[in-house]
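Reader: I would like to go through some side-chain features of a protein model. Please define each term when it comes up.

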Amino acid sequence: MATVSVSRSAKASDKSEGLISFEEAMERLSREDRFRATVYAMNTLLVQKGIYSPEEFEFQFRQFTQKNLE
């Protein structure tokens, strides 16, 4: 799998002190866990940036679930 190098901002670098490296995380996680980590990271960023609220996310999640259980 090819990956693209991303330059990290100083703000992101400050928060990453003491965390596992991205490369090590990619090596150690299963494919399913990498997907879960990606979804977690994307949703966290979208909520933090005000793209949508936790309530909007929960509504969409419930709506998807209901549609797929019918």
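Author: Start with accessibility: buried means under 20% relative accessible area, exposed means over 50%, and partly exposed is in between (1.4 Å probe, protein chains only). This is a predicted model, in which local features need pLDDT of at least 70 and side-chain atom pairs count only at pLDDT 80 or more, while totals for chains, interfaces and linings use all residues. Residues are numbered from 1 along each chain as its sequence is written, and side-chain values use heavy atoms, with hydrogens and water left out.

Reader: Does R28 count as buried or exposed?

Author: The relative accessibility of R28 is 62%. Exposed means over 50%. R28 therefore counts as exposed.

Reader: Which residue forms a salt bridge with R28?

Author: A salt bridge is a side-chain nitrogen of Lys or Arg within 4 Å of a carboxyl oxygen of Asp or Glu. For R28 the closest N and O atoms of the bridge are 3.1 Å apart. The two partners lie 4 residues apart in helix α2 (residues 22–28), about one turn of the helix; helices (H or I, at least four residues) and strands (E, at least two) are DSSP runs, numbered from the N terminus. The partner of R28 is E24.

Reader: Which residues are joined with R36 into one network?

Author: The side chains of E32 and R36 meet in a salt bridge of 2.4 Å, N to O. D33 also forms a salt bridge with R36, with the closest N and O atoms 3.7 Å apart. Salt bridges that share partners join R36 into one network with E32 and D33.

Reader: Leaving aside neighbours within four places in sequence, which residues is N43 in contact with?

Author: N43 lies in helix α3 and is buried, at 19% relative accessible area. Contact means heavy atoms within 4.5 Å. Leaving aside neighbours within four places in sequence, N43 is in contact with Y52 and F57.

Reader: What kind of aromatic pair do Y52 and F57 form?

Author: Rings of Phe, Tyr and Trp (its six-membered ring) pair if their centres lie within 6.5 Å; planes under 30 degrees apart count as stacked, over 60 as edge-to-face and the rest as tilted. The count comes to 2 aromatic pairs. Y52 and F57 are 6.3 Å apart centre to centre, with 15° between the planes, and this pair is stacked.

Reader: Why is the pair of F57 and F61 tilted?

Author: The ring centres of F57 and F61 are 6.1 Å apart.
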